[in-house]
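Here's a quick tour of some helix packing and strand pairing.

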Amino acid sequence: MHNQRHYPYVTIPPGATPLPNLSPLQAYQDELEHNAPSGDLLNPWDQTPTTRHPNGRPGELRSRPRTRSAYEPLPPTISFPEPEIHRFASQRTTLHPYSPHHRPSKSDDGHGSLPPSGDHSTRPFTPVTPGSASSMHYLPEDDWEAPVNQLTRELSNVSLYSEEGLRLFQAGHQLAEKDEEWHQLVPPEAQEALGKKEVERQSVLFELFKSERDYVEDLRLVTEVFIEPLQFAKPPVIASDRLRPFVQEVFWNLGQISVHHERMLAALFERQLDQHPLVQSVTDIVLETCFQFQADYESYIKHYPIAEERHRTELSRNKNYQAFIQKCSQDPRMRKRDMITFLSRPVTRLPRLHLILEHIQKITEPGHPDLEDLPLLLNILSDFLKSTQPGIAAAENRVKYWNVCESLTMPKGQIMDLDWYNESRSLVYSGPVARRSKSEMDWHPWTDLFAVLLDNYLLLTKEEKRAGGILKRYVSPRPIPLEYLKLGSFEGQPESRRERSEEGGILDSLRAQYKPIYPFTIYHSADKLERRYTLYAPTESAREKWRNALVETKGIDDVRRDANKWFAPQLVDDGSFRSPGAYTPRGFGSKASGRVVNAVSFTAAGGKRLMAVGCASGIYVGLRGDISFRKILSYGNPSSIIVLQEFNKFIIHHESYLLSYSLDILARVAMYQAPASSLDASMEKIAGEDGTVLFCTVGRIKQRMIVIYALKSFFQITVHALEACNHSELRRTPSRGGSQGTISSFRPFGEPLYVPKDAYSVMALAKMIAITTEKGIVIADPTDASRQVIQVVPDFSGATCDSTDMADLKTRCEDAKPLGLIRTETREILVIYDTLGCYITKQGVPHRKCGFILWETKATSFAHRGSHVMLFSSEFIEIRSISTGRLDQVIEGSDIRLLMHTNLRSHSADDPLFVAMRGTKDDKDGVSDKIIELVRTGDFNSTQTPMTPTPVDGLWDEWDM
């Protein structure tokens, strides 16, 4: 950048050849003799002996480098004829009073001239007399080029005496602190000749050199005092598996920043040696470096709050790290500064550099080229610093979020995955609130709470300060997910809170003081009465901030979740199935289909996709996506409808019977390709003649398709398992009268199981059967008569966790209703209850310290799809991660019903999942039922791999899921 500026630039005459090796006096003898009679130039911005004599000052045979770009490689030293030096208005030359072309400048005020002399290397410095200033005048604007002036030669001469001090200064702390100033390295005579304003400018430039030198030294100290000793400490200060991430997190990219400034400092020192004591400009060096370090600075500044907090956290928890930092502070180079000071140096360096450059601009005389370049540099620095502010604010908010999370203490025994470690999580708002105590006998019926609003949960906590300044926040009551959070009134009139006086004597402390507090109400949409909270803000503005924060955060959360659904509801039908409503004419109710209770889909011949829907009035079949469904069977409110596509069976559980029909004939009848009587001819009674069928299901056991049902007869309940057969395996079942009998499509699988009378559902495992009862889930094997009933899970007798935790879990499980089991990816089993879930081992023993997950809503049924469990209640579908219990999605509706949830395919995620809820239509035709299919979504540019069970050795292998 420096070489492209208008000032100074050099033009080498064409055809120039190197000069012979002459002494400096011989090389410039003609020029000196030519200049002597007409007077010497005195303007400090004119040519200096350094620029006029590339090989050294007059009379000295020592080589000094020319001024060049901060990163320009050092060229070989070659002597050329004297170049033409072009100057600008800022370099107006001042002549002696006796020169006819002399123009006065501010630096000439109060100074006289120097007498001409050819032997300037030995003549002492003589200031200009004040009386001579009146005879000075300016050169024309186009006559700025002039010969070497006397003053700059004298300044070059006196700089020889201070050059040793300059080198000591650059070496770092080799001079006394009071001597590290520009005026200490320049004789008073030279300072008087320059003028007050130029002296000030050179002092500020010197301060830039000094501050940059100290900054680079501090960056080196970080490596030498902190990083390297920490990495090679014996014994290690931080565990080896955490050391590298810790160093990276705390020190970030200080190394890259240090490289930039070491290069800039080298260029600045070279410029200082070349031009001292009159440094013309350093703007080009700083500007060139500024373009290069912006990306590294932006990364560091935005990360700094996290680095500082990581250091403080380690310092509070690791005694070895405390001792290490204490030892580092004893290094004399630290000068009583702590590590935070060094970490914050890059954050404060650029604002300080901006201030120095701003000062230089203010004191620079008009016409100086810095007045063109400095505004550009200052604007770049200013805009850059402003651009980093949002990043700093985000990092500081991240640190606050971590501090809050680390201070939280969850209710004992509960497993809560609030998704804390997600990088998108943030702290939105927090502050003190109060809650009225339910006890009327309490003199102080108020509870002080600290409310925390995250971007996915609202938490109410009680603060407790412990020894050592540690702050703990106990979460009570349970956190409220934003999906379930609803806002009540924020317009209530302020109430008065009675408090004791904290000042005065005993009598004053007994007197009551009343402070206004402002109520607002929030509640949990799944439990509007029990989880309804009226909170009180200390001020009206605080209440308004809470309302704005809650409204905005809920809006953002709704948009974010809508764009990141794990399961997308796809509408199948809304309007074909109706129930009588407020607008339905009298007598029309008999024509309505009634409430939908079951739905299955299947593929008919020719690849047509059909759907069978069980309603209050019967079973309807039609093409999927078509609004015209035909009533095929008159079984109202069927308990179950199951399709076995590969076995061509359509199974119905209606009242006390379990029936089977031909799937192909059912499809042909629905499409008017066969008469209804042909469907009746294909009916087969599976069970119900010897008792009442209570419940049934279908699943794969030992790679076979098994139909399982419970039969109640007299005073006992038995569970039967039948294997579906292909046509080649069909056999004729003899009748009781000794006749030939009928052909049965199913054959017994094992022996009947006698189960408790309170059994209400059954599910197929990989090798066994799980029967849910009021007292737990019974694991049974129908193929092994010697040990049909193996165990009831959870098995609390073999639990190894704390007795209190186990007792709490046992009590909760006894009060809840078991729904089923799900295999996890971590070789555990998740036991599903209507209000909670808990993990057990392959032996059925409670795991994870007897912890449990509380659902946000009371489930009536559940379904397993991929890595998620879906919990269904009348108003919500709660979708959670199986392995962690994390709440991933909530689907809201009215009168929600799970219609189909059998897992008959290789991967459970491939099975269709139909759900019914109240539709959007309510007119003279009745209230519609909406049928949706929950379709699993996938990440962009990625393929979702279905979860497959991992083989497990041991006893649980027989109960494989």
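## Ground rules

Two strands count as paired if DSSP finds at least two bridges between them. Helices (H or I, at least four residues) and strands (E, at least two) are DSSP runs, numbered from the N terminus.

This is a predicted model, where local features need pLDDT of at least 70 and side-chain atom pairs count only at pLDDT 80 or more, while totals for chains, interfaces and linings use all residues. Residues are numbered from 1 along each chain as its sequence is written, and side-chain values use heavy atoms, with hydrogens and water left out.

## The four-stranded sheet

Let's begin with an open, antiparallel sheet of four strands, ordered β13-β43-β42-β41. Its edges are β13 (567–579) and β41 (897–900), each of which pairs on one side only. From one strand to the next, the twist averages 40°.

## Around β6

Next up is a set of pairings that share β6. Strand β5 (residues 446–454) and strand β6 (residues 457–465) run antiparallel and are joined by four bridges. Together β5 and β6 make a hairpin, with two residues between them. Ala451 has Leu460 of β6 as its bridge partner.

β6 has other antiparallel partners too. With β8 (residues 480–481) the pairing covers two bridges, and Leu458 has Ile480 of β8 as its bridge partner.

## Where α6 meets α10

Now for the helices. α6 (residues 196–231) packs against α10 (residues 319–329) at an angle of about 140°, with the axes 10 Å apart. That makes the pair oblique, because angles under 35 degrees count as roughly parallel, over 145 as roughly antiparallel, 65 to 115 as roughly perpendicular and the rest as oblique. Axes here are lines fitted to C-alpha atoms, for helices over the stretch in contact, and angles run from 0 to 180 degrees between N-to-C directions.

Which residues of α6 and α10 make the contact? On α6 they are Val225, Phe226, Pro229 and Leu230, and on α10 they are Tyr321, Phe324, Ile325 and Cys328 (contact means heavy atoms within 4.5 Å). The contact residues divide into eight nonpolar, no polar and no charged; Ala, Val, Leu, Ile, Met, Phe, Trp, Tyr, Cys and Pro count as nonpolar, Asp, Glu, Lys and Arg as charged, and the others, Gly among them, as polar.
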